[in-house]
Amino acid sequence: MKGFVDEMRAVAMKLHTKDQAREGEKESVDPPIAAWNPSVDGYLKFLVDSKVVFDTLESIVTTALHPSYGEFQKTGLERSEELSKDLEWFKEEGYSIPEPSKPGIVYSSYLQQLAENDPPAFICHFYNIYFAHSAGGRIIGRKVAEKILNKKQLEFYKWEGSLSQLLQSVRIKLNHVSSGWSREEKNHCLEETEKSFVYSEDIIRLILT
């Protein structure tokens with residue numbers, strides 16, 4: 001039986017480009033990843049702002065302002081600690097770590113606002129951030145590592161155990177939480193998908209700055 005996650009995925013796929021996913025339908029305005037010319041400085045900005053977002057998500061889930069958020073504690077998809085290790089590695093390599101910039105700060109603030117007032121919209125962002133990172137995010141990580149990090153795999157792109165099993169476990173939880181929503185709440189969640197892409201793409205573009 002199909003659950004609400006299938007609906008979330010279908011909407012997300014419509015917003016992917018072919019470069020991001022085989023089933024993507026959107027025309028890309030950015031150059032394909034293979035043509036990127038990333039810099040370490042830009043990549044560090046991306047990692048720092050990504051950490052701001054993951055810190056926010058994980059703090060929201062831990063404090064569980066809304067009871068449903070508690071379902072998503074300790075899923076194994078958390079990335080905050082891994083990003084801390086990666087930034088420490090860059091520091092040891094002699095790079096200076098930048099302060100968080102506008103894309104990460106703005107997105108973090110928006111997520112906190114949604115978490116308090118709008119659980120279905122917050123869950124939409126939760127789903128898209130974690131699932132996008134496990135798919136297209138890994139492709140970006142690999143391509144950038146090939147170009148500027150001598151193929152080093154960062155902790156950001158490593159998970160304990162089977163990633164597919166971790167994702168499946170979260171899918172089940174998402175279906176369970178959304179099963180208590182009205183159709184209006186489900187539609188509202190789906191409508192938030194585009195915003196989650198816009199915010200995330202602003203952070204990804206930091207790689208090319």
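Biologist: Which residues have the most contacts inside the largest nonpolar core?

Modeller: The largest nonpolar core has 56 residues, and those with the most contacts inside it are Y43, F46, L47, L57, F122 and L174. Such a core is a set of buried Ala, Val, Leu, Ile, Met, Phe, Trp, Tyr and Cys residues joined through side-chain atoms within 4.5 Å, where buried means under 20% relative accessible area, exposed over 50% and partly exposed in between, with a 1.4 Å probe and protein chains only. This is a predicted model, in which local features need pLDDT of at least 70 and side-chain atom pairs count only at pLDDT 80 or more, while totals for chains, interfaces and linings use all residues. Residues are numbered from 1 along each chain as its sequence is written, and side-chain values use heavy atoms, with hydrogens and water left out.

Biologist: What is F122 in contact with?

Modeller: Leaving aside neighbours within four places in sequence, F122 is in contact with L57, I60, Y69, L111, L114 and A115, contact meaning heavy atoms within 4.5 Å.

Biologist: Switching to T56, is that residue buried or exposed?

Modeller: T56, which lies in helix α2, is buried, with a relative accessible area of 8%.

Biologist: Which side chain does T56 join through a polar contact?

Modeller: The side chain of S108, at 2.7 Å; a polar contact is a pair of N or O atoms within 3.5 Å, and within protein one must be able to donate a hydrogen and the other to accept it, while residues adjacent in sequence count only if both atoms are side-chain atoms.

Technical notes:
Helix = DSSP H or I, 4+ residues; strand = E, 2+ residues; numbered from the N terminus.
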